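Dear colleague,

I am passing on the structure below, and would be glad if you looked it over before reading the notes that follow it.

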Amino acid sequence: MVYHTRQRPAPGTRCEWSGCTAAASHPAPRAPDRLHDYVWFCLDHVRIYNREWNFCPGTDPADADAAVRSSLEVGGGRRGRFSASPALDDPLDLFPGSASPTPYSRRWPPGSLEAAAAATMSLSDNLTLPVLKSRYKDLVKHYHPDANGGCPASEERMKSITRAYRVLHEALSAAPAR
């Protein structure tokens, strides 16, 4: 199935720029809502057309420029009204400083109780019982209600951490040694 084929100008097509008679060999989209309907320009005029193209019609140019600049930041700085996508998901840690929102697990299938528990405790694949116990102790010290003045939110967080610890402890205890 062919989704898109590159259009070629008809033989003898001339640049559609007003007053230009050069041969046209460079396509440019006619409008933002008609990206595969082309106008044809010579090289000099397609450069001008592309430079003046507005990807965000009806948007303040300063806002559009800020959105473009923020989208170029490492770590997926794309937020706000120009992007519905979350921060860059980098499960292989290819980009420094772009930690994945939930650790990726090759040990447990996505959606499993164990994968959800590992995400709750912010643990990854190098999980062993000593690592699990150490992480659990750190989280208990941080989220225990007694350490947070009896805060109901920390109490709920502590309950979810304890459930996650039990699931992972059971899974690691039953798993054969690697």
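Helix α4 (residues 129-143) has the highest mean pLDDT among the elements of the chain, at 90, whereas helix α2 (residues 61-71) has the lowest, at 73; pLDDT is the predictor's confidence in each residue, on a scale from 0 to 100. Over residues 75-86 the pLDDT is below 50, and this stretch has 18 contacts in the model beyond near neighbours in sequence, a contact being heavy atoms within 4.5 Å. Residues 99-104 likewise stay under 50, with 12 contacts beyond four places in sequence. Where pLDDT is low, the predicted coordinates should not be read in detail. For the chain, the mean pLDDT is 76, and 71% of the residues reach 70 or more.

This is a predicted model, in which local features need pLDDT of at least 70 and side-chain atom pairs count only at pLDDT 80 or more, while totals for chains, interfaces and linings use all residues. Residues are numbered from 1 along each chain as its sequence is written, and side-chain values use heavy atoms, with hydrogens and water left out.

Read along the sequence, the pattern is β-β-α-α-α-α-α, that is, five helices and two strands, taken as DSSP runs (helices H or I of at least four residues, strands E of at least two) and numbered from the N terminus. Of the 178 residues in the chain, 28% are buried, meaning under 20% relative accessible area, with exposed over 50% and partly exposed in between (1.4 Å probe, protein chains only).

The packing of α4 with helix α5 (residues 152-174) has an angle of about 170 degrees, with the axes 10 Å apart; axes are lines fitted to C-alpha atoms, for helices over the stretch in contact, and angles run from 0 to 180 degrees between N-to-C directions. That makes α4 roughly antiparallel to α5, a term used for angles over 145 degrees. The residues of this contact divide into 11 nonpolar, four polar and two charged (Ala, Val, Leu, Ile, Met, Phe, Trp, Tyr, Cys and Pro count as nonpolar, Asp, Glu, Lys and Arg as charged, and the others, Gly among them, as polar). Among them, L129, L132 and Y136 are on the α4 side, and M158, I161 and Y165 on the α5 side.

Lastly, S25 lies in the segment before β1 (26-31) and is partly exposed, with a relative accessible area of 47%. Leaving aside neighbours within four places in sequence, S25 is in contact with P9, W40 and F41; S25 and W40 are 15 residues apart in sequence and 6.5 Å apart in space, C-alpha to C-alpha.

With best regards

Conventions: Angles under 35 degrees count as roughly parallel, over 145 as roughly antiparallel, 65 to 115 as roughly perpendicular and the rest as oblique.
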